[in-house]
Amino acid sequence: MAEIVLNVEVREGTGSGNARATRRSGLVPGVLYGGDKAPVAIAVKSNEFRKALYTGKLLGHLVTLKYGSETQPVIAKAVDMHPVTDEPWHFDLYRVDEHQQIKIEVPVHFTNQEEAPGLKRGGTLNIALHTLTVSCPADSIPEEIVFDLTGLDIGATIRVADLKLPAKAEAAIDGETVVASVAGAMAEVTEEAAEGEGEAAAEGGEG
């Protein structure tokens with residue numbers, strides 16, 4: 001089962017007034033969706049929710065919802081933060097079966113930038129996708145997708161098909177979609193342009 005357990009309470013009402021009252025009681029309001037059941041307004045103690053959130057294992061992961069003696073595997077798909085205090089303000093959970101096939105966004109990270117010739121020459125890594133939507137069982141969600149930049153030079157393009165995914169995960173978008181590329185430095189581009197103009201001028205002078 002999942003590492004994180006959220007002990008929830010059921011809220012009697014919904015709406016902004018109920019949510020404010022919930023927060024005043026030291027709870028974070030949320031809603032449980034999904035499955036063949038109606039949405040349920042729930043809440044979790046603020047300190048417990050913050051602790052779970054800051055582990056980095058809550059959002060986008062399989063977690064266990066606990067209500068009394070009942071437990072249910074769920075996916076935490078959204079957490080809203082207060083724009084000023086940056087405190088958890090609201091969350092959405094979705095009911096799932098542990099082995100159910102789901103689509104979810106997974107972060108994409110890049111390693112060994114110092115081993116990429118294009119970057120060592122002053123190029124830049126332009127990232128088009130910071131996350132990748134994958135299809136996988138709910139209990140096999142990848143923590144991250146890592147791409148090794150070793151050997152990449154200026155002009156290299158990384159596409160979805162180039163990413164190595166875990167055995168149980170598949171990309172849910174087109175394999176030709178660009179994830180990132182290595183672009184030349186502006187100074188280098190300007191220098192090449194200047195050289196081209198110089199050569200053109202020299203050829204004109206010869207005529």
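Here is a quick briefing on the strands, sheets and cores of this protein.

The model is predicted, so to speak on its own terms: local features need pLDDT of at least 70, side-chain atom pairs count only at pLDDT 80 or more, and totals for chains, interfaces and linings use all residues. Residue numbers start from 1 along each chain as its sequence is written, and side-chain values use heavy atoms, with hydrogens and water left out. The protein has four helices and 13 strands (DSSP runs numbered from the N terminus, with H or I of at least four residues for helices and E of at least two for strands).

**Overall picture**
- Take the contacts with a separation of 6 or more: residues 24 or more positions apart account for 65% of them (a contact means heavy atoms within 4.5 Å).

- Strand E1 (residues 5-10) pairs with strand E3 (residues 40-45) in the antiparallel sense over three bridges (two strands pair if DSSP finds at least two bridges between them).
- Glu9 has Ala43 in E3 as its bridge partner.
- E3 also pairs with strand E2 (residues 27-33), again antiparallel, over six bridges, and here Val31 stands opposite Ala41.
- E2 and E3 make a hairpin with six residues between them, and Gly34 in the turn has a positive phi of about 95 degrees.
- Ser46 sits in helix H2 (residues 46-53) and is buried, with a relative accessible area of 16%.
- Leaving aside residues up to four places away in sequence, Ser46 touches Gly26, Leu27 and Val28.

**The four-strand sheet**
- Four strands form an open sheet in the order E10-E7-E9-E12, with mixed pairing.
- E10 and strand E12 (170-171) are at the edges with a single partner strand each, so one side of each has no neighbour in the sheet.
- E7 and E9 run antiparallel and are joined by seven bridges; Glu105 has Thr133 in E9 as its bridge partner.

**The three-strand sheet**
- Three strands form an open sheet in the order E8-E13-E11, with antiparallel pairing.
- The edges belong to strand E8 (124-127) and strand E11 (157-159), each with a single partner strand, so one side of each is left without a neighbour in the sheet.
- From one strand to the next, the twist averages 15 degrees (axes are lines fitted to C-alpha atoms, for helices over the stretch in contact, and angles run from 0 to 180 degrees between N-to-C directions).
- Four bridges join E8 to E13, and Asn126 has Ser181 in E13 as its bridge partner.

**Nonpolar cores**
- The largest nonpolar core has 28 residues, and those with the most contacts inside it are Ile104, Phe110, Leu149 and Ile158 (a core is a set of buried Ala, Val, Leu, Ile, Met, Phe, Trp, Tyr and Cys residues joined through side-chain atoms within 4.5 Å).
- Strands E7 (101-111), E9 (131-137), E10 (145-148) and E13 (178-183) are the elements that give two or more residues to this core, and E7 gives the most, with five.
- Apart from this core lies another of 18 residues, among them Leu53, Val63, Val74 and Leu93.

Technical notes: Buried means under 20% relative accessible area, exposed over 50%, partly exposed in between (1.4 Å probe, protein chains only).
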